[in-house]
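Trainee: I've got a new structure open and I'd like to learn how to read it. Can we go through it together, one question at a time?

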Amino acid sequence: MGAFAGKRIVLGVTGGIAAYKAAELSRLLVKAGATVDVVLTQAGSEFVGAMTFQSLTGRPVWQSLWDDRMSNGMAHIDLTRGAAAVLIAPATANVLAKLAYGVCDDLLSTLCLARDCPLLVAPAMNRQMWENPATQRNMVLLRHDGVKILGPATGDQACGEVGDGRMLEAEAIFDELYAFLQPKLLAGKRVLLTAGPTFEPIDPVRGLTNSSSGKMGFALAQACVEAGAEVTMVAGPVMLPTPHNVMRIDVQTSAQMREAVLKNLPGQDVFIGVAAVADYRPKTVSAEKIKKNGKSLTLLLEATDDILGEVATRLDAPLCVGFAAESQHLETYAESKRKAKKLALVVGNLVQDGLGGETNRVTLFDATGAYPLPPAKKIIVARGIVAHLASLMEKCDGKPYANH
Ligand code: CTP
C-alpha cells in the first residue's frame with residue numbers, strides 16, 4: 001500500500017520556474033497512492049500548462065474561482081474539505097504575502113483562507129526577494145499562523161545568482177509532507193537515544209572502532225521527531241546530517257557517551273540504545289604515537305560500562321529499548337538480551353540484513369512475543385519501531401514503565 005494511500009492533497013502551483021518541479025512532485029504523490037487536486041494560478045500556468053498536471057494526476061486541474069465544474073460553484077470550499085493538506089509548491093513571494101495578510105483574489109488564496117486542513121508552503125524565489133524584510137516579515141506571520149514552511153534551499157538560481165530561495169527538490173518536499181502527516185504517537189514525550197559507533201583511542205592517531213554507519217539511529221531520531229517527541233541524540237563519530245529538530249551531542253568514546261546519556265537522562269520517557277558501543281577499550285592510552293619495531297604488539301583491553309544496562313536497571317528508568325545485531329540465532333540471542341538487560345523492547349536484526357546499508361529487516365521482541373517488520377528503507381523501519389514503542393507506552397497508561 002502506498003505511503004499516501006487514502007489521502008487527498010491539494011497542490012497549489014504558483015508562478016515560478018520551480019513549477020516544473022511541481023510536475024515531478026505530483027507524480028511522486030500519485031505514485032505513493034495520493035489523490036492530487038492541482039490548483040494552478042494564472043502565473044503558474046505561464047510556466048507549466050494545466051494539461052501536464054491533468055495528465056500526471058488523472059484529475060481535473062482547478063484555475064478559477066468562477067469554475068462551474070463544481071456543481072455548487074464553490075471550488076474554494078469544496079476542494080479542501082476532506083483533504084489531508086494544502087501544499088503550495090512553488091510558493092512565490094507574492095502568494096506568501098497574500099497568505100500572510102489574508103488576501104483572497106484568486107482560487108488558491110481564497111481556498112487557503114477557507115481551508116480546514118494544514119497548509120504547507122515551499123518558497124521559491126530569487127535570493128534578494130527571499131531576504132527582503134517584507135518577505136521575512138511575512139514568513140514570521142505565516143509561522144505564527146501555524147503554516148509549515150518547507151525550505152527554501154540554497155544554491156544556484158535560475159536568474160544566475162547564488163543563495164537562499166530556491167525551492168527544495170520534489171523528493172525532499174515529498175519526504176517532508178509525508179513526515180508532517182505522520183500520526184503524533186509520541187506527542188509530549190521525551191526520547192534520548194544513542195547512535196553510531198564509538199572510538200576508543202590507542203594512541204593520539206589510532207583507535208578501536210566498528211563499522212556502524214549510524215543510519216538506523218539517525219532514522220529513529222527522525223521518526224521520533226515526526227511522531228511529535230522531543231529528541232536528544234548522543235552520537236558517536238559519524239558524518240551524517242542531524243535530522244531536523246533533533247538535539248545532537250557528539251562524542252567519541254563509550255565513556256563520553258555514558259556521561260552524556262546520564263547527564264541528559266532526567267525527565268526522559270524513553271531511552272533507546274542504538275549505538276554500537278565498544279565492549280572493550282585499551283586499558284591504557286599511549287600519550288605518544290606508538291612506533292613500530294617489527295615485533296608483535298599486545299594491547300591489553302578492559303571492559304567498558306554497559307550504558308543501556310545501567311540505565312534500564314535504575315529505579316527511575318524510562319522505557320528502555322535495545323538493539324541486538326546478531327549473525328545467527330536471532331530469536332534466542334535477542335530475547336535473552338532483552339531479559340538480561342531488563343528491556344521493554346529489543347530490536348533484533350541479522351547483521352547480513354542491515355549493517356551499513358540503506359535498508360533493514362528487523363524483528364521486535366517484547367514481553368508478549370516477537371513481531372517481524374517487513375524489510376524496508378531504514379526510515380520506514382524506524383517508523384514501524386516508533387509505532388510499536390507508542391503502543392507499549394499506551395499500555396503503561398501513565399504508570400511507571402516496567403522494562404521487563
Ligand atoms: N550497549 C550499551 N553500552 C554498551 C554496549 C552495548 O548501551 N557498552 C547497548 C547497545 O546500544 C545496544 C545493546 O546494548 O542497544 C547491545 O547489547 P549487547 O549485549 O552489548 O550487544 P553486543 O555488544 O553485540 O553483545 P554480544 O557481543 O554479547 O552479542
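Trainee: How far is an oxygen atom of the ligand from an N or O atom in the side chain of Asp279?
Mentor: Keep in mind that this is a predicted model. Pairs of N or O atoms count as polar contacts when they are within 3.5 Å. The side chain of Asp279 has such an atom facing an oxygen atom of the ligand, and the distance is 2.8 Å.

Trainee: How much of the ligand's area does the protein bury?
Mentor: Start with the ligand taken alone, which exposes 580 Å².

Trainee: Which element gives the largest share of the largest nonpolar core?
Mentor: That core has 40 residues, and Leu186, Val191 and Ile272 touch the most other members. Several elements supply at least two residues each, among them strand S8 (190-195), helix H10 (215-226) and helix H15 (378-396). The largest share is nine residues, and it comes from H15.

Trainee: Is Cys224 buried or exposed?
Mentor: Cys224 is one of the residues that Val191 touches. Buried means under 20% relative accessible area. Cys224 has 0% relative accessibility, so it counts as buried.

Trainee: What is the distance from Cys224 to the nearest cysteine sulfur?
Mentor: A disulfide needs two cysteine sulfur atoms within 2.5 Å, and a search of the whole structure finds zero of them. For Cys224, the nearest cysteine sulfur is that of Cys320, and the distance is 13 Å.

Trainee: Which residue's backbone oxygen does the side chain of Gln157 reach?
Mentor: Gln157 sits in the loop between strand S6 (153-156) and strand S7 (162-166). Its relative accessible area is 11%, so Gln157 is buried. Residues it touches include Met125, Arg127 and Gly163. At 3.4 Å, its side chain reaches the backbone oxygen of Asp164.

Key:
Residues are numbered from 1 along each chain as its sequence is written. This is a predicted model: local features need pLDDT of at least 70, side-chain atom pairs count only at pLDDT 80 or more; totals for chains, interfaces and linings use all residues. Side-chain values use heavy atoms; hydrogens and water are left out. A nonpolar core is a set of buried Ala, Val, Leu, Ile, Met, Phe, Trp, Tyr and Cys residues joined through side-chain atoms within 4.5 Å. Buried means under 20% relative accessible area, exposed over 50%, partly exposed in between (1.4 Å probe, protein chains only). Helices (H or I, at least four residues) and strands (E, at least two) are DSSP runs, numbered from the N terminus. Contact means heavy atoms within 4.5 Å. A polar contact is a pair of N or O atoms within 3.5 Å; within protein, one must be able to donate a hydrogen and the other to accept it, and residues adjacent in sequence count only if both atoms are side-chain atoms. Accessible areas come from the Shrake-Rupley method with a 1.4 Å probe; for residues, only the protein chains shown count as cover. Lists of a residue's contacts leave out its neighbours within four places in sequence.
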